[in-house]
Structures are given as C-alpha cells and as structure tokens.
Amino acid sequence: LKTPNMDRLYDESVRMTDFSVSPTCSPRRAALMTGMQEFNSGVTHTVRPRRSMNREVTILPQILREAGYATAVFGKWHLGQDDGYRPDQRGFQTALTVVRDNQNSHYDPKLLSNGERVSIKGYRTDIFFDEAMAWIAEHKQRPFFCYLSTYNAHSPLVVPEKYAAPYRTRVDEETANFYGMLANLDMNIGRLLDHLDRLQLAEDTLVIFMNDNGGTIGVDTYNAGMRGCKATIWRGGTRAYCFWRWPGHLKPRDDAALSGHVDVMPTLAELVGVKLPPSVNERIEGISLAKRLTDPAEPWADRMLFQHVSRWGVGLTDEHRHVNCGVRWRNWHLLRSGTCGLGCLGECKIFRRAAEGGPMLYTDKPQYHYAQTPADRWALYDLSADPAQDRDVAEMNPDVVSRMAKAYEAWWEKARPAKINEEADAARTDVRAKSLRAKP
C-alpha cells in the first residue's frame with residue numbers, strides 16, 4: 001500500500017505516538033468535540049438515541065465560532081440528526097453531512113446541507129474534499145475551522161476500481177477494496193495539502209490528521225503488532241495515529257506523551273487564545289497540548305485515561321460497569337475484556353461469537369483480537385515490554401492494579417449520571433416491543 005501524502009504528513013508533523021481514542025465511532029467523535037470522555041456527553045453507542053450528544057454541552061465549533069472563526073463540517077457527524085442535534089445547530093455555520101447518518105452510499109450519496117437535502121453526483125470522499133476545498137478558498141481571508149471527516153475506509157468497501165486494481169493480485173478482494181479506499185483517501189489528502197499551498201495558507205494552517213478508532217478490515221495483514229480491533233478494549237482497538245502539521249511553527253518529531261482525543265478541544269482553544277468559561281473548563285478531562293507541541297521538554301501530567309466499549313444491551317448499563325473497559329496510565333494498560341454473562345445482545349454477542357471461532361466481520365483470528373480476560377478480576381499489561389499484550393502481569397503488580405482500579409471506580413461513579421440517553425433508549429425499545437406485540 002502506497003500512501004505518499006500520509007507519509008508527507010508524517011514527515012512534516014509532530015507525531016503523538018501514545019495517542020488513545022474510543023473503541024467505536026460516535027463515542028470517539030463526542031470526545032473529540034467536547035474534550036470529555038464520551039459518557040459525559042451522554043454518548044454510549046453508534047445508534048439512536050444513544051449517539052445523540054447532549055445539547056447542553058459546549059463543543060469545539062461553538063468555542064471557535066465565538067472566537068471569530070468560520071466553522072464547517074464536511075462528512076461524518078454521527079452525533080445526532082434530530083432537531084437540535086444537527087451540526088449546523090451546534091456551532092457549525094456550514095454542515096454537509098449525510099441523510100440519517102447513513103454510511104452505506106459511497107456513490108451519489110444523499111446529503112444534508114445545513115439540514116436541507118441535496119444531491120451531488122460522484123464518489124463520496126471526493127465530494128467531501130471538493131466541497132471542503134471550495135469552502136476553504138472562500139474563507140481564506142479569515143480564520144477558519146474545517147472538520148473534514150471521511151467515510152473511507154468504512155464498510156461497505158466500495159471504491160473506484162483504479163484505486164483497488166494494484167492490490168487485486170496480492171490480497172483477497174475485500175482487502176484490495178479496503179486498500180483502494182485508503183489509496184483514494186491518500187490521493188485526496190494530497191489534493192488538500194496542494195490546495196493550501198496554492199492559496200498560500202500552509203504556514204497559517206494547522207492540519208491535524210488522526211483516525212477514528214481501532215482497525216477493521218486489514219488487521220490480519222498489519223496491526224503494528226497489537227492485539228485487538230475496532231470495538232475491543234485492547235490496544236489495537238484504542239490506539240490511533242495523530243499528526244499535528246504546522247510548517248514554520250511545529251518541528252517534526254515523535255512525542256510519547258500519553259495523550260488522546262479529549263486533548264484536541266482544549267489544545268485548539270489555547271492555540272487560538274480562547275479562555276474556556278469555568279462551567280466548561282471544570283468538566284473537561286482533556287489537557288492542552290499547546291505548549292508540549294512546541295517544546296518537547298514541557299512537563300506533562302501524570303494522568304490516567306478511561307475507556308469503555310459500551311454498546312451494551314438496552315437497560316444493562318450498570319451490568320456492564322466492568323465489561324470491556326480499561327484504564328491507561330504511564331506504560332500500563334488495565335482492562336477487562338469479555339461478556340456480561342447475561343446473554344446480552346449488545347457487543348457481548350460479538351464476543352460470544354468470537355470465543356466460538358467466528359465468523360467475524362473484521363478478522364479471521366477472532367480468538368486473538370477478541371481475547372477474553374478472567375471474568376472476576378482486572379488484567380494488567382506493561383505496554384513498554386509487551387505491546388502485543390500477551391502477558392498478564394496483574395498478580396505481580398497488585399499496587400498498580402489497586403491504584404488504577406480505584407481510579408476507574410471513581411470515574412464511573414462521576415460519569416454514570418451523565419449517561420442521559422440510556423433511559424430514552426429503554427423507553428424507545430419498550431414502545432417498539434409493545435407495538436410488535438400488538439400486531440396480529
């Protein structure tokens with residue numbers, strides 16, 4: 001797989017090499033927008049109503065818009081499209097997204113432009129880059145924030161044949177399409193970087209490039225030696241790349257500070273000179289990277305990051321307190337991976353299938369990537385010595401386990417009341433069940 005433009009971004013960026021994200025899509029996006037772990041904005045799933053981000057929470061585009069920035073989103077929003085939840089109602093002045101958060105139409109997609117349906121012919125990723133580049137050109141005379149969020153390489157794996165053709169004879173058809181979608185994304189990234197150069201905006205524009213969650217198709221081919229994939233709590237489900245490119249301002253290098261998606265919002269707020277109101281600042285879990293990006297010697301907080309796959313069955317929030325959850329601290333990863341044991345139809349169903357050997361959506365090695373830890377205790381891994389997470393060292397490090405587990409319990413208690421969509425989900429499901437029972 002050749003990705004010259006991603007390689008260019010790598011070469012020209014500060015690269016956060018220990019960057020953590022949520023295991024699945026909507027939760028990860030909620031954390032990115034709010035600077036808080038997703039539970040604190042009510043998001044625990046990718047489906048309605050549990051993907052709807054709390055309207056009372058202040059989010060990144062609102063902060064930047066108040067600072068005088070033009071704001072736009074092109075692509076995947078996935079945080080609610082009911083009235084009051086759309087991105088054009090949450091601080092984005094321009095929003096081109098998809099109808100009903102439907103990610104299935106890569107060609108000639110049905111789109112929403114600030115809530116109004118529009119039709120644009122073509123390949124969806126190309127369309128979003130075209131529209132974003134036109135918007136940037138239109139706003140080049142003022143500060144702008146452009147959130148460009150693609151569907152490549154999300155299933156269904158569909159791409160113009162010229163991008164997949166180079167891989168047809170080397171991997172199976174599905175993987176060839178996956179690589180082709182990445183090649184198309186790389187091509188578009190090159191177009192965007194060249195566009196900034198033509199507009200003479202490169203040195204005035206911070207480009208941040210990161211992925212959504214753990215890998216999907218392709219983890220069997222290459223997964224950087226990590227166990228886990230999307231929707232698992234293993235490192236392969238929660239580690240992401242994160243490149244910060246700002247020519248003339250940031251010197252390219254690796255930075256191993258434990259960081260994550262929750263840090264983006266406070267970082268951008270500091271970089272543009274916005275002082276967050278106390279009501280916002282006191283809820284944020286992220287830490288600004290602004291000084292660290294320019295000075296690798298800048299002291300970094302000794303922090304913990306909390307993660308959860310969520311996706312539990314309706315009404316089973318508390319039963320999943322210790323199911324598919326984890327904590328990162330220093331070189332340690334404390335986690336529990338498995339099922340609730342209650343016959344849950346949420347993510348536990350996937351783990352039960354994996355334990356039986358599949359078949360699985362993302363991998364032919366389900367018992368490896370969906371490995372289950374002992375059900376009655378935490379497992380602990382030293383990522384510096386064991387990045388593949390093959391050796392559970394909990395029994396040898398009881399003090400570490402105790403400290404991280406206590407921190408997790410305190411975090412859960414604090415986050416539990418914020419899961420405002422759980423009751424709505426249970427009520428919606430109950431109404432649907434009553435409707436089905438009423439049918440002859």
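Modeller: Happy to! Let's begin with D18 and R235, whose side chains meet in a salt bridge with N and O 2.4 Å apart. That term stands for a side-chain nitrogen of Lys or Arg within 4 Å of a carboxyl oxygen of Asp or Glu. This is a predicted model, where local features need pLDDT of at least 70 and side-chain atom pairs count only at pLDDT 80 or more, while totals for chains, interfaces and linings use all residues. Residues are numbered from 1 along each chain as its sequence is written, and side-chain values use heavy atoms, with hydrogens and water left out.

Now find the two partners in the picture. D18 sits in the loop between β1 and β2 (19-20), and R235 belongs to helix α7 (residues 235-238), so this pair links distant parts of the chain, 217 residues apart. Helices (H or I, at least four residues) and strands (E, at least two) are DSSP runs numbered from the N terminus. D18 is buried at 15% relative accessibility, and R235 is buried too, at 4%. Buried means under 20% relative accessible area, exposed over 50%, and partly exposed in between (1.4 Å probe, protein chains only).

Next, look at R245 and E12. Their closest N and O atoms are 2.6 Å apart, in another salt bridge. R245 lies in strand β10 (residues 242-245), whereas E12 is in the loop between α1 (4-11) and β1 (14-16), so the pair ties together parts that are 233 residues apart in sequence.

R245 and E12 are linked with R8, D194 and D197 in a network of salt bridges. If you colour those five residues, you can trace the network yourself.

One more pair is worth a visit: R168 and E161. Their side chains meet in a salt bridge too, at 2.8 Å from N to O. Here R168 is partly exposed, with a relative accessible area of 29%, and E161 is also partly exposed, at 44%.

How many salt bridges are there in the whole structure? A search finds 28, and among them are the pairs D18 with R235, R245 with E12 and R168 with E161.
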